[in-house]
Amino acid sequence: MPAHSDQPISLRGYQLAAVDSIMSGFAEFRRQLLVAATGSGKTQVFCEVIRRVQPERSLVLCHREELIDQAAHRLSTFGLTAEVEMGERRASLDAQVVVGSVQTLMRDHRLERWPRGHFGLVVADEAHHATSDSWQKVLWYFDTRTLGASATPERSDKRQLGEYFENIAYEVGLLDLVRQGWLSPIRVKTVPLGIDLRKARTVAGDYNAEDLGHAIEPQLERIVDVMVEHRHRKTIVFLPLIYLSRLFANLCRQRGLEAWHVDGASRDRAEVLSEFSSARSGILSNAMLLTEGYDEPSIDCVVCLRPTKVRSLYCQIVGRGTRMYPNKDHLLLLDFLWLTHDHALIKPAHLIAKDDEEADQIGTMLGDDGDLEEAERDAIEERTRSLAARLAA
């Protein structure tokens, strides 16, 4: 077992503050939540928390294979040896840290092999999944402290998460990290391509993927025209359906653009991601596969062709391009004009707005082409002027 040290490992200032807040919070609360924007290094934070609670054992819960392997690797950089409980891979009862799949633990009585008090800490990575029935069964099974980690959730998500978590131990937002120089500034360019969503149905709180496909497919060639204008960029594109993602990549290649498609069934997924990573520019198209657990800091353009009503999902999508990278001075977010009567549609301004009214104000300040941070500042100044005028009256 690695010796405990009071010296943090490669932690930024806000990460260290988050760890300290979490540790002190456990004196009062059993179930705490860390809320931090995509790209903030939430894994770094919970790895340090795990290191500090030793010699107690810890369990990290994830919901995808890539996230599990990434967490196990990151733990190793903190001097922690993690064993994996997923599929055919089984962790020993003596393991100091176990990284497990919720789906695996729910099968074949795998959960019951662990005594309820076996772990001193359970970490729920991407905790916005934690309100689902399967996650709740696993989380309530263990009689111990729990730390959830999630990117900035919707207000409704916070209310739902509040049914399980007792305390938000630490919160840091997107613009906080941009201003501190840890994340890339975001420039939003509105593309006046009216894609009609008025017939798209809502299923389980979000747009039906098939309906989105019918609305978007007739516009793909015009969207590729936009991609040609930005061919020098390294772009990730999100579409609602696999066949649309394949078609979009093919159309890009027909126009002379370097483009790749990847989905969950792609046998060459690792090779494709490696090629895209090493390329100076190009387009990586996917059907919602890479919303979580995919880190490629060189991406400097994000195209969301999967309109959504779920703010946390939109934050995850945009977060694929917010990390800093040499010679990258900003992230370009291409925002297509969606024709819809639905006021629940998430827009770029929702990345930083506290509510819909503020999102409308920031969206107005953004215009067709603007910087997100500047738009927020202009919106605040406008609200201040308006308030001063009302007080003067």
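In what order do the seven strands of the open sheet run? That is where I'd start with this one, bearing in mind that it is a predicted model.

1. **The seven-stranded sheet.** The order reads β3-β4-β2-β5-β6-β1-β7, the sheet is open, and the pairing is parallel. At the edges you find β3 (82-85) and β7 (167-172); each has a single partner strand, so one side of each has no neighbour in the sheet. Going from strand to neighbouring strand, the average turn is 20°, direction ignored.

2. **β1 with β6.** Looking at one pair from that sheet, β1 (residues 31-36) and β6 (residues 145-150) are joined by five bridges in the parallel sense.

3. G41 belongs to the loop that links β1 to α2 (42-53). Buried or exposed, or something in between? With a relative accessible area of 21%, G41 counts as partly exposed; the cut-off for buried is under 20%, so please don't read it as a buried glycine. Between G41 and V123 there are 82 residues in sequence and 15 Å in space, taken C-alpha to C-alpha.

4. **A cis peptide.** Have a look at the loop between α2 and β2, where P55 lies. The bond from Q54 to P55 is cis, and its omega is near 15°.

5. **Helix α5.** In α5 (residues 133-141), the buried residues are W135, Q136, V138, L139 and Y141. What do they pack against? Their partners are β2 (58-62), α4 (102-105), β5 (121-125) and β6. Three of these names, β2, β5 and β6, also turn up in the strand order of point 1. As a reminder, an α-helix has 3.6 residues a turn, so residues three or four places apart point the same way.

6. **α9 against α10.** Helix α9 (residues 220-229) and helix α10 (residues 242-254) have axes that come within 10 Å and cross at roughly 50°. That angle makes α9 oblique to α10, and the crossing is right-handed. On the α9 side the contact uses L220, E221, I223, V224 and M227, and on the α10 side L244, L247, F248, L251 and C252. By class, that gives nine nonpolar residues, no polar ones and one charged.

7. **Strand β13.** Five of the five residues of β13 (residues 282-286) are buried, so this strand is largely enclosed by the rest of the structure. Both faces are covered: G282, L284 and N286 are buried on one side, and I283 and S285 on the other.

8. **Who pairs with β13.** β11 (residues 234-238) runs parallel to β13 and is joined to it by five bridges, with F238 partnered by N286. β12 (residues 259-262) also pairs with β13 in the parallel sense, over four bridges; here A259 has I283 as its bridge partner.

9. **Two positive phi values.** M288 has a phi of about 65° although it is not a glycine. It is found in the loop between β13 and β14 (301-304), and M288 is partly exposed at a relative accessible area of 21%. N327 is also not a glycine and has a positive phi of about 65°. Its loop is the one between α12 (311-319) and β15 (331-339), and N327 is exposed, with a relative accessible area of 84%.

10. **α13 against α14.** How do these two helices cross, left-handed or right-handed? α13 passes α14 in a right-handed crossing. The axes of α13 (residues 356-366) and α14 (residues 372-392) come within 8 Å and cross at roughly 115°, which makes α13 roughly perpendicular to α14. The contact is built from E358, Q361, I362, M365 and L366 of α13 together with L372, A375, E376, D378, A379, E382 and R383 of α14. Sorted by class, there are six nonpolar residues, one polar and five charged.

Technical notes: Residues are numbered from 1 along each chain as its sequence is written. This is a predicted model: local features need pLDDT of at least 70, side-chain atom pairs count only at pLDDT 80 or more; totals for chains, interfaces and linings use all residues. Side-chain values use heavy atoms; hydrogens and water are left out. Axes are lines fitted to C-alpha atoms, for helices over the stretch in contact, and angles run from 0 to 180 degrees between N-to-C directions. Angles under 35 degrees count as roughly parallel, over 145 as roughly antiparallel, 65 to 115 as roughly perpendicular and the rest as oblique. A crossing is left-handed if the near helix is turned anticlockwise from the far one by less than a right angle, and right-handed if clockwise. Contact means heavy atoms within 4.5 Å. Ala, Val, Leu, Ile, Met, Phe, Trp, Tyr, Cys and Pro count as nonpolar, Asp, Glu, Lys and Arg as charged, and the others, Gly among them, as polar. Two strands pair if DSSP finds at least two bridges between them. Buried means under 20% relative accessible area, exposed over 50%, partly exposed in between (1.4 Å probe, protein chains only).
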